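This briefing concerns domain organisation, the ligand shell and the nonpolar core. Please consult the sequence and the structure shown here alongside the text.

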Amino acid sequence: MITIENLTKRHGSRTVLHDLSLVARPGRVTGFVGPNGAGKSSTLRCLLGLDRIDGGTALLGGRPYRELRHPLRTVGAVLDGAGAHPSSTGRAHLRWVAAGSGIAQRRVDEVLELVDLAGAAERRVRTYSLGMGQRLGLAAALLGDPQILILDEPVNGLDPAGIRWIRTLMRERARAGGTVLVSSHVLSELAEVADDITIISQGRVRASGTLAEVAQGHSDLEEAFFALTSPGAGL
Ligand SMILES: Nc1ncnc2c1ncn2[C@@H]1O[C@H](COP(=O)(O)OP(=O)(O)OP(=O)(O)O)[C@@H](O)[C@H]1O
């Protein structure tokens, strides 16, 4: 479970997140959507202990990231691509991440299979396509078989087969009882996969609920998104 309450984040004198609250529940895929610059990455960075929080709380399974006893076994996150050194092979990268977190090396081959990258495990990461890089990032996130999975814009740049594959993986993790939080700047992109949605713009929550609840009163999802995120909406 992810519980964010009244999260506030400032960069200098500028407040980029205003009292933002969000819940992502086990067994469900939660979509986190907003236009470019709305504050999605900032929220996820605060949640993952990468940025300091100026107010409120952001908890993973009831604890802030920094207090997790086994971070990789609790939460897996893909924020920007593979995060691997280009001259490393896919397998060497995963072995390095596993070793740093006390995860058995045999798990490396399991996750390579899981993300369909076993055949390219000995290739250098610099030769990977965008989609392969995304898969490698996911493999690292899944090393600890975490209950919580966080993906920032995972379908950016993927082809239709890659998009379908990643959607299936998200649904499977949720079906197995996991908590999945996925961000996008396109609401309709999440319609296929998300059970619940939180929409933000300018650092504030504009709507939150099931997909049907968020779309209610609007002719379609796209119209709902623009109505809820246009400058001045809900102010
Ligand atoms: N390190 C930083 N210093 C100053 N401002 C920042 C910093 N990081 C983010 N911001 C600002 O915070 C706001 C939210 O940015 P953020 O990257 O969280 O949005 P986003 O919803 O993830 O957008 P995108 O879809 O474009 O990635 C933006 O106005 C951005 O310029």
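Which helix gives the most to the shell around the ligand? Helix H1 (residues 40-47) does, with three residues; helices are DSSP runs of H or I of at least four residues, numbered from the N terminus. This is a predicted model, in which local features need pLDDT of at least 70, side-chain atom pairs count only at pLDDT 80 or more, and totals for chains, interfaces and linings use all residues. Residues are numbered from 1 along each chain as its sequence is written.

**Ligand shell**
- The ligand is surrounded by residues including His-11, Asn-36, Lys-40 and His-185, where a residue counts as near if its C-beta atom, placed from the backbone, lies within 6 Å.
- By class, the shell has two nonpolar, eight polar and one charged residues; Gly counts as polar, and Asp, Glu, Lys and Arg as charged.

**Domains**
- The chain is divided into domain 1 (1-61 + 148-235) and domain 2 (83-146), with bounds from an automatic or database domain assignment.
- Their C-alpha centres lie 26 Å apart.
- Seven residues of domain 1 are in contact with five of domain 2, contact being C-beta atoms, placed from the backbone, within 7 Å.

**Nonpolar core**
- The largest nonpolar core has 66 residues, and Leu-94, Ala-139, Leu-143 and Val-182 have the most contacts inside it.
- Such a core joins buried Ala, Val, Leu, Ile, Met, Phe, Trp, Tyr and Cys residues through C-beta atoms within 7 Å, buried meaning 20 or more other C-beta atoms within 10 Å.
- Helix H5 (residues 130-142) gives the most to this core, with six residues.

Technical notes. Contact = placed C-beta atoms within 7 Å. Helix = DSSP H or I, 4+ residues; strand = E, 2+ residues; numbered from the N terminus. Buried ≥ 20, exposed ≤ 12 C-beta atoms within 10 Å, placed from the backbone.
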